[in-house]
Amino acid sequence: MFGKKFQRKYALTDQGIINTKRGALWTVIVNLVVMGGIGILYLLMAEFMSTFTSGSSLPNAVLIIALVVIFLILSYITHLQQYKVTYGLVYGEVEQTRLRLAERLRKLPLGYFGKRDLADLTETLMSDVNRMEHVWSHVLGYLYGSYISTGIIAVCLTFYDWRLTIASLWGVPVAFVLLFGTRSIAERHSQAVKKAALNVSDGIQEALENIREIRATNQEDLYLAALDKKIDNHEKIQIRGELTTGLFVNGASVIMRLGVATTILLGAWLIVSGKIDFMLLFLFLLIITRVYAPFDQSLALIAEVFVSQISADRINEIYEMPTAEGSQNFKPQGHDIEFKDVCFAYDTADVLKDVSFTAKEGEVTALVGPSGSGKSTCARLAARLWDINSGTIKVGGIDISTIDPEVLLRDYSMVFQDVVLFDDTVMENIRLGRRNATDDEVIAAAKAANCDEFVNRLAQGYNTLIGENGSKLSGGERQRISIARALLKDAPIVLLDEATASLDVENETKVQEALSRLLVGKTVLVIAHRMRTIEAADKIIVLADGKVAEQGSPNELMSQNGLFSRMVKLQQQSSNWKLN
Ligand SMILES: Nc1ncnc2c1ncn2[C@@H]1O[C@H](COP(=O)(O)OP(=O)(O)OP(=O)(O)O)[C@@H](O)[C@H]1O
């Protein structure tokens with residue numbers, strides 16, 4: 001009952017499955033204790049009845065009180081224990097599940113994040129886990145414990161009268177068969193509700209992210225109307241879903257309770273025909289009122305069990321996604337980056353086709369080419385941010401697909417177009433480059449990246465909070481923080497993707513000076529549209545449509561009169577830059 005399939009079905013951790021078993025066990029104990037109370041009530045009633053009918057003496061009051069007190073104490077202890085196991089331990093399970101998800105996400109290749117949108121992932125981490133929490137705490141232990149205790153009670157009752165046992169309990173399996181038979185309908189509705197809810201959160205997130213563009217293009221009304229439509233649709237689908245599950249759940253509850261009617265009818269007939277006495281019917285009536293109670297609670301939440309299946313599937317999808325793993329032992333012979341026949345596609349369309357080149361240690365290798373030719377993709381693949389489809393990428397002779405990305409990235413400093421900053425101070429954002437750097441080292445790197453000038457203007461200097469993703473800073477300031485981070489890290493491989501694109505000429509010149517100090521002796525892969533940025537490159541790889549069109553020194557390429565020389569000439573028309 002509580003095997004691996006059950007664990008996967010409800011996305012439980014190993015500890016979670018143990019807790020669920022405990023919850024079910026304590027539910028069985030609670031239900032049996034309550035049945036014991038009903039048994040005491042029955043015995044007392046039987047004694048009183050025989051006093052009235054045969055005139056025997058009344059039962060001993062002390063014994064009655066003792067039995068009631070024992071029942072109350074047992075009931076209190078078992079309920080408390082059941083509460084602790086089913087509710088208390090579930091919070092630990094929620095924590096473990098979120099940590100396990102976060103750990104998985106940390107190790108997933110970046111390609112995964114391109115395929116699933118962030119609102120969807122946040123939904124899994126927050127709402128899906130919350131929904132599972134409700135099922136773990138309110139349903140699983142109660143439901144499975146009730147199955148077991150009802151089975152035990154049914155066996156005991158057959159010793160009294162098998163006919164009445166069937167008459168009183170037939171409704172339970174029939175109700176559940178009906179409910180699980182209509183499960184696919186409920187699940188379909190749940191899926192539709194979930195999709196509509198995601199559409200709403202996507203719409204809200206999109207509106208918040210693009211608020212500037214929406215205002216700038218006067219699209220507010222249009223956006224709100226579209227969002228309104230999504231919210232209305234969600235409401236409509238939700239009401240339809242609630243009605244459907246309500247119908248099935250209440251139908252099942254009514255069928256279960258029909259057992260009371262059949263027990264009374266059969267019991268009355270058995271009494272009239274002299275086969276049982278009234279007290280036995282009374283016992284059955286007492287018991288069935290209690291047997292239905294835990295099922296009622298589970299039935300009310302059964303819709304959640306159905307919906308939870310979708311949440312569990314979404315959680316399992318993250319658990320089961322192959323992570324980017326590899327050896328912890330990375331001892332390359334130097335840091336040459338070698339691409340050999342590399343093919344890569346983000347989805348189905350090939351972005352890189354048989355790309356081969358070597359970026360040598362101590363040299364600056366520049367990737368140039370038209371927009372969309374695959375330059376940034378090459379830089380990302382060089383750091384194993386994605387895994388390639390075929391070919392090999394080696395660093396210092398070691399295939400990087402065999403190395404744990406976290407270990408590999410220790411040897412990389414990266415400055416990309418899309419700078420990622422955290423809602424923390426300037427100091428801590430730069431320190432991300434090297435966690436154990438002292439304040440003085442951070443400030444030295446910041447000065448080298450020309451951050452000092454704008455940091456001194458901030459209210460709390462280096463201790464100023466810069467907002468979500470550095471929203472309080474300009475594009476150029478954010479880029480300089482990213483460069484300071486790379487300077488601080490001082491890794492043997494440096495990837496620069498449009499690293500100075502957001503800087504004005506004066507700042508660019510200063511930062512280029514700092515960068516040129518950083519780049520000495522390193523393996524540098526640089527991407528820039530502005531030829532000025534790559535004029536000092538030792539080697540140039542020209543990409544066109546995902547293929548290497550030309551490669552060589554700048555002078556060699558200029559003399560070939562190919563794509564590179566055309567690009568340089570085009571830029572010369574708008575500036576006076578000259579090669580050599
Ligand atoms: N995350 C992604 N998912 C799917 N396709 C992508 C992704 N990133 C880039 N692409 C596609 O891959 C191709 C190469 O993109 P890439 O960013 O490498 O080009 P690029 O040469 O760096 O362009 P640019 O000079 O404009 O920055 C483009 O067609 C782009 O649309």
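**Basis of the description**

Helices (H or I, at least four residues) and strands (E, at least two) are DSSP runs, numbered from the N terminus. Residues are numbered from 1 along each chain as its sequence is written. The model is predicted: local features need pLDDT of at least 70 and side-chain atom pairs count only at pLDDT 80 or more, while totals for chains, interfaces and linings use all residues.

**Ligand shell**

Helix 13 (residues 375-382) supplies the largest share of the shell around the ligand, with 3 residues. Among the 12 residues around the ligand, those that come nearest are Tyr346, Ser371, Lys375, Ser376 and Thr377; a residue is near a molecule if its C-beta atom, placed from the backbone, lies within 6 Å of it.

By class, the shell has 8 polar, 2 nonpolar and 2 charged residues. Here Ala, Val, Leu, Ile, Met, Phe, Trp, Tyr, Cys and Pro count as nonpolar, Asp, Glu, Lys and Arg as charged, and the others, Gly among them, as polar.

**Helix pair**

Helix 2 (residues 14-54) and helix 3 (residues 61-107) have axes that come within 9 Å and cross at roughly 160°; axes are lines fitted to C-alpha atoms over the stretch in contact, with angles from 0 to 180 degrees between N-to-C directions. Helix 2 is therefore roughly antiparallel to helix 3 (an angle over 145 degrees). The residues of their contact comprise 13 nonpolar, 14 polar and 2 charged.

**Hairpin**

Strand 9 (residues 539-544) pairs with strand 10 (residues 547-552) in the antiparallel sense over 5 bridges; pairing requires at least two DSSP bridges. Val542 lies opposite Glu550 in strand 10. The hairpin has 2 residues between the strands, and Asp545 takes a positive phi near 50°.

Methods. Angles under 35 degrees count as roughly parallel, over 145 as roughly antiparallel, 65 to 115 as roughly perpendicular and the rest as oblique.
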